[in-house]
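Open the model in your viewer and keep the selection tool at hand. The stops below each give something to select and say what is there.

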Amino acid sequence: MSLQWDQQGALLYVGRLLCCVLLNKQTKTKLSHRLVLTPPDRPWLLIGTYGPPTTLEKEVFWDELGDFICQCTLPLIIMGDLNGTLKDNECLNYSKANNIARYSFDLRRMVLRSGLIDLGFIGTRFTWFRRNANSTTTTSLKRARLDRAMGTADWRVNWPNAIVQHLQAAVSDHNPIMLDTNGGRKCTKPQFKYEVMWERDPRVFWVVINAWHALNHPDPMVNMYRKMKHTKDQLSKWNKFQFRKLSVQIEEARANLKGDFINENLIWNEQRIREWFGTVDAKHILNIALPAARKDDSWMWLGETSGQFSIKSAYHLVKNGPRSLPPTWQWKLVWNTQMHTRLKILCWQILRDALPTRAKLGQFMALPSVYCPLCNDEEETSIHLFWNLPNNLDFDTFLIGALCIIEVIWNNRNKVIHETNSTPLNEVIGIVRRQFHDHSSARQPLSKIAEISATPPTGWLACNTDVSIDADQSYRAAVLRDSSNRIQAIYSIHLSVTNPTLAEALTIVSAAEFGRIISC
């Protein structure tokens with residue numbers, strides 16, 4: 001990479017990429033460059049930043065930078081020492097817990113307001129470290145990730161393969177960071193990770209020793225880099241040869257375990273089991289019956305006889321109750337009915353007293369009040385809500401309606417058996433409605449009315465009528481009496497109407513017409 005500065009800016013050459021860097025603005029804490037690539041169809045802005053160390057300067061600087069980012073129309077990134085972190089876990093012994101400087105409120109507020117995206121990193125976790133001069137312990141070593149690169153969303157979309165690498169520092173207490181816009185294309189292999197399980201094998205010590213002493217170079221930094229790279233390569237090769245894939249080793253161990261404890265004839269190897277396990281455990285293992293044929297193991301839930309997991313069985317196991325309870329209700333009659341699921345759930349809640357009323361919820365949590373919100377006189381239970389609430393359906397009315405339905409169904413059944421015919425559904429509904437009306441009317445108290453003389457005046461006729469309603473027809477009758485209470489005529493007729501009010505009205509009209517005829 002070559003870099004040449006002049007009064008207008010700089011000319012960068014990185015590999016095959018030519019950049020013209022135009023110096024727009026330079027201050028003590030900010031260096032702005034407009035980068036024009038070749039081809040010059042996607043220019044973007046690079047802001048080299050050094051975060052102010054004092055609290056007052058931080059607030060002013062990050063507010064101005066946030067306003068600039070929000071108003072900028074070009075894709076941009078900011079890089080440098082921000083003198084702050086975006087997360088609390090990005091610093092170690094950075095400052096005291098009660099020091100607000102460690103939280104970098106101004107920086108985090110600017111990032112949240114402008115929508116900048118952290119480009120991440122590859123390499124060491126921290127980019128800055130410093131040891132206290134008056135201490136030699138490792139706990140006094142301060143570390144923080146103060147150097148980073150952040151970009152706008154449109155910049156990240158245009159350069160999705162960009163990678164930020166944390167390099168090693170030779171003299172400075174800050175690690176240099178490098179932005180590679182095409183670095184993601186080279187990431188075809190997984191990163192090296194040191195596995196703690198290697199330490200269980202004593203041979204890993206000699207692998208590291210031999211790899212570390214293999215290479216030497218006059219430059220200490222180059223020597224360190226080569227030793228680490230060579231050690232990484234040797235550990236990777238040794239891991240493939242010694243450990244291979246863990247999944248393959250697990251399957252082989254399972255196969256060997258089955259072969260050691262179970263013979264080819266599917267019989268327990270009693271001698272081997274007693275060598276590996278204690279007396280009690282070996283006895284329990286030998287009491288396990290083996291299948292007649294080889295079959296893969298599978299999971300089974302012991303809370304249910306079917307082996308399938310259910311919330312109900314888990315609840316009873318937690319409550320130390322029985323694994324299964326005998327059904328107290330024919331729930332299939334409810335769940336298999338052809339009605340909406342919402343009504344099925346409501347029916348289940350009513351039958352199990354599981355409606356979330358205030359009295360029910362008050363058993364599990366603290367409520368301001370468990371009284372009914374409608375009347376505010378009693379606790380809100382299911383019985384109070386549906387039967388005892390004023391101006392609501394009482395239990396007697398509900399029972400009368402249910403018994404009327406049952407009676408009509410029973411009568412229809414008897415009609416099918418003895419008369420070999422059935423009543424249509426619309427007529428059955430009408431019969432239930434009429435019977436419910438009659439029984440409900442009988443329950444109403446009779447109001448006191450003024451006594452009316454049953455004897456008509458001289459020259460008048462008294463008419464008494466009655467109607468009998470059947471399923472598809474009705475019968476009406478009328479009795480006419482004179483002033484001496486002697487019966488003058490009896491009148492009856494057959495009608496095709498089934499509405500009680502209409503039948504009564506027709507009876508009165510026809511009886512009045514009949515009385516007019518006989519009095520003439």
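**Strand pairing**

Start by selecting Cys 91, which stands opposite Ala 144 in strand 10. This is a predicted model, in which local features need pLDDT of at least 70 and side-chain atom pairs count only at pLDDT 80 or more, while totals for chains, interfaces and linings use all residues. Residues are numbered from 1 along each chain as its sequence is written, and side-chain values use heavy atoms, with hydrogens and water left out.

Next, select residues 141-144, which are strand 10; strand 7 pairs with strand 10 in the antiparallel sense over two bridges. Pairing requires that DSSP finds at least two bridges between two strands. Helices (H or I, at least four residues) and strands (E, at least two) are DSSP runs, numbered from the N terminus.

**Aromatic pairs**

Now show the aromatic side chains: the structure holds eleven aromatic pairs. Rings of Phe, Tyr and Trp (its six-membered ring) pair if their centres lie within 6.5 Å; planes under 30 degrees apart count as stacked, over 60 as edge-to-face and the rest as tilted. Select Phe 61 and Trp 62, an edge-to-face pair at 4.8 Å centre to centre with 65 degrees between the planes. Phe 61 is buried at 9% relative accessible area, and Trp 62 is buried at 1%. Buried means under 20% relative accessible area, exposed over 50%, and partly exposed in between (1.4 Å probe, protein chains only).

Move to Phe 205 and Trp 206, whose ring centres are 5.2 Å apart and whose planes are at 80 degrees, so this pair is edge-to-face. Phe 205 is partly exposed at 49%, and Trp 206 is exposed at 52%. Then select Trp 44, Trp 155 and Trp 159, which ring pairs link into a cluster.

**Helix 9**

Which residues of helix 9 are buried? Select residues 311-318: Ser 313, Ala 314 and His 316 are buried. Viewed down the axis, the buried residues fall within an arc of 165 degrees (taken from the directions from the helix axis to the C-beta atoms), so they line one face of helix 9. The face turned away from the buried side carries the exposed residues Ile 311, Lys 312 and Val 318.
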